[in-house]
Each structure stands twice: as C-alpha cells, then as structure tokens.
Amino acid sequence: MSSPAAAFYPVSPKAALKATYVGQSIRNIPTPAVIIDVAAARRNCERMLQACDRLKLSWRAHVKTHKTVELARLQVGADAARPANLIVSTLAEAEFLLPALTEYRSQGRRVNVLYGLPVGQNAVPRLAAVAQSLGPGSVSVLLDDPAQLPVVSRLRQQSGFVPDALIKIDMGGRRAGVVADSARFLELADAALEAHKQGDMCLAGLYSHAGHSYGGDSRVAALKMMKAEISAMRDGADCLRARAADKGVSELSRLTLSAGASPTALSAEAASLAALFDAVKDEGHTVEIHAGVYPTLDLQQLAAHSLSSSRLSWGDIALTVLAEVHSVYPERGADGTAEVLIGAGLLALGREPPGVDMPAGDVEDFQGWVVGRFSQEHGILTWTRSQTDKPGPTPEQGMVEVGQRVRLWPNHACITSSHYGWYFVVDQGRAGKEDEIVDIWPRAKGW
C-alpha cells in the first residue's frame, strides 16, 4: 500500500523505456544519463554476500544509493534461506520495493525493512501499511530519543504488529544516535526496556553507521572503525542486559549488533575482526553487517582503500555518468592547457567526479580530465596531474572533441544518481557488446 503522496511521484515506465532503448548503444541515447554496468554491480554484491557467509554474519542491504528493485534483488541474493533484510532511507523506497518483498514473503522468505531515520510521527501511517502488507516481524525502527517511544506505540496500534526497534549509536559522526557510554544512552535504554516490557515494541538490538569512515584512507582505518563500532555496541548490549535483569525483563537474551558502512563492511574479512565477531557471537549476540554504496561504488570508496587495489579498483565502479562535449577552449586553462564544456553540471553530477577515462592504478595516480568547476547545467573539464608524480597521458594525448561522449566516474554515487528517473544498464561481460543497453532500471522517487 502506498501513501497518497506516492501518486504524485510517478515511477518512470520501465516497459516503454525498454521498448525505446534496449538494444541501442549508449552512444545514441540522450545525455546526461546514468549508466550501470550490471556485471560490476553483480560482482560487488556477490563479494559482500560471500564474505558474510564465510564469516557467518547476518546481512542487511541499504538501498538508498540506487533505489531500484533490480539492484536490491542482487543485494539480498537469490538464496531463499537468507533473510531479505533491507534498510531504506525514505518511505518511498519501502513502498516501491513492496511488490518484490511481498513476493519474497509469499515464497516463505523472511523479510524485514528497517527505516533508516530515527522514527518520526509522519512515518507511522506508511510504515504501518508496509507492516500490514508483509506481516509480523517485517518492520524495524531506530531510536535515539526517549520521546520516540510513544511514536513506536502508535505504530504498533496502527499496524497491529509489534515492531522491532534498535537503539542508534553515535560513533562520532554526530548525525544521529546516542553515545553508548553516556547518560543519555541509559535514559533511552530504560525507556526502551519499559516499552519492550509493555509489549509496544521488541527491543532487538543496537545499530551504528560509521558514515564518517568514508573519509578514511586505508584498510587499517576501516578496520579500526569497525572494531570501534562492534566494541561500543557490545558494551551497550551488556548494559542493556544488566538493566533488563534489574527490571525483570527476562526475554532480552539475544541482541543484534548491526554495524557498517561500505568501507568498514568491505574490510570485514580481516582475521582480527573475525576473532572479535566470534567473541560477540559466543556471548549470544547476532552480528549484522550493513552497507549501501558498495554495489555501485564510487571514487570516494576507492580513495578510502578499505581493500587493496588488486581487489577493489576502477573496474569495480558500476555507476557512471554519460555526458556530451559541447565546446573546447584551447589554452584557456592553467598553464595554457585546454578547458572543455560538457552538458552536465551540478544537477547531473552532484559532486565533482575526478576522471573521464578509466585509468589504471589508485585514485591518487590519476592524470587527465576532471570536472574542475560547474554551474547548474554546465560542467567544465580541466586537466589535472597525478598527485604522486607518476607518468601519465598528456593533455594533447587526451584531447576530446565537440560531440564526443565522455564517461564520468562519480565522487559520490548516492548524490550523483539522485536526479535521474532511471538507469541505462549495460553488461561489460558481453564481449563486443559492452555499450549495448540490456535493461532499464527505474528508481523510486520522492520521500
């Protein structure tokens, strides 16, 4: 069931788009456009699922980056024995994915949708409708303020089901959550335990999202952040268990500790983390990993170096922007280099992407065209040199021409993709047909 507002955010018509574009080359489509390489996206999703399987960790996929049914299916995999656990950043995402989730539920697959913002009153009617469509145990919410407990109670009343709730832990990002060893955490814990005891919700665990790990620059930094997340929530879980015992809440035996962001989740296979995960599981808790941008990746993720370049490189970035060159300005740039006008600006790109042509090596080694500046609908390509003084192409070797199509690797895929109604899907695994459109993926719109 959708909210009345959903009718005012119509989804792009997949059937009509496929009839128009499938089989064409991306050289012939309107620009700017977002291109998804399904081969890279599939590899990225399979790598994450395999890592969770090897480590015997629970998995929850965030859909906020792409907001599509097709990529959400790759994220949760085809194994019906694995729960289809998702995080949504907007209610529109949950409603858009509802037919696919209903299908999973009808097949006997466990489904749970976590609303990724600390729950607010405006979310109650729509979350209740999702819960009614999917049944008991299908909706989870986040808490970081005791005043949210009456909201959770209203969700139970309107849906007819007891929602799961996780306490949101602030790991230093200062965006949402409470610090695990703070007085505010104790206040929230007591209020949540009382609501749990009264049957308004099921206190299911704790949740952290280290979004600031995107600013890291090494696997060591990613490992350190993941250890800090798990350790903080482990201490919080111990506190919850102790206070539950004091309050006579006996059924709080197993809690879920849900940690992650793409850099930290990608680092999860380290031996030192495996030992920590095992210790937490031995204490009776469930360790859950979550991440969102990893299916598409972007240059920000490559720059975080959470995996070595031999395992995570330019070829793993599945989302690019296609733009057309409109003008060339010889010698207008720094040191007499050229500048280039493309028909993609702030609204098409979101943030500046470093490269036009896929290079080899690390992000810091890149030498070539970047979007040096932009306005609303125009971007200016400027020539940049490698930060590491490694040899690379010259401006003359890399010169582009008016009418040429260029592929742009985004800095932040979540923001870049936000203004597009659909993605043109190609498959780099099809030798000789890498630029042929094989599908169209419409994305959810609105909030």
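What is the volume of the second largest pocket? The second largest pocket has a volume of about 440 Å³, and about 540 Å³ of space lies in the largest pocket. This is a predicted model, in which local features need pLDDT of at least 70, side-chain atom pairs count only at pLDDT 80 or more, and totals for chains, interfaces and linings use all residues. Residues are numbered from 1 along each chain as its sequence is written, and side-chain values use heavy atoms, with hydrogens and water left out.

**Pockets**

- Pockets are found on a 1 Å grid over the protein atoms alone: a pocket is an open set of points where a 1.4 Å probe fits, with protein on both sides within 12 Å along at least five of seven lines. Lining residues have an atom within 4 Å of a point.
- Grid points are joined across faces, edges and corners, and a volume is the space filled by probe spheres set on the points.
- The largest pocket has 23 lining residues; Ser58, Pro83, Asn85, Arg110 and Glu288 lie nearest its centre. Two or more lining residues come from each of α2, β2 (58-62), β4 (111-118), β6 (164-169) and β9 (286-291).
- Helices (H or I, at least four residues) and strands (E, at least two) are DSSP runs, numbered from the N terminus.
- By class, the lining of the largest pocket holds 8 nonpolar, 7 polar and 8 charged residues. Ala, Val, Leu, Ile, Met, Phe, Trp, Tyr, Cys and Pro count as nonpolar, Asp, Glu, Lys and Arg as charged, and the others, Gly among them, as polar.
- The second largest pocket is lined by 20 residues, with His62, Lys64, Gly116, Arg175 and His209 nearest its centre. β4 and β6 each supply at least two of the lining residues; β4 gives the most, with 3.
- The lining of the second largest pocket splits into 7 nonpolar, 8 polar and 5 charged residues.

**Helix α2 against helix α3**

- The axes of α2 (residues 38-55) and α3 (residues 69-76) come within 8 Å and cross at roughly 35 degrees. Axes are lines fitted to C-alpha atoms, for helices over the stretch in contact, and angles run from 0 to 180 degrees between N-to-C directions.
- Val38, Ala41, Arg42, Cys45 and Leu49 in α2 are in contact (heavy atoms within 4.5 Å) with Leu71, Leu74, Gln75 and Val76 in α3. The residues of this contact comprise 7 nonpolar, 1 polar and 1 charged.

- In β13 (residues 379-384), 5 of the 6 residues are buried, meaning under 20% relative accessible area (1.4 Å probe, protein chains only).
- Strands pair if DSSP finds at least two bridges between them. β11 (residues 339-342) runs antiparallel to β13, with 3 bridges; Leu341 stands opposite Ile380.
- β12 (residues 368-374) is also antiparallel to β13, with 6 bridges. Val371 stands opposite Leu381, and 4 residues lie between β12 and β13 in their hairpin.

**Two buried threonines**

- Thr65 sits in the loop between β2 and α3. Thr65 counts as buried because its relative accessibility is 1%.
- The C-alpha atoms of Thr296 and Ala244 are 41 Å apart, with 52 residues separating them along the chain.

Terms used
Buried means under 20% relative accessible area, exposed over 50%, partly exposed in between (1.4 Å probe, protein chains only).
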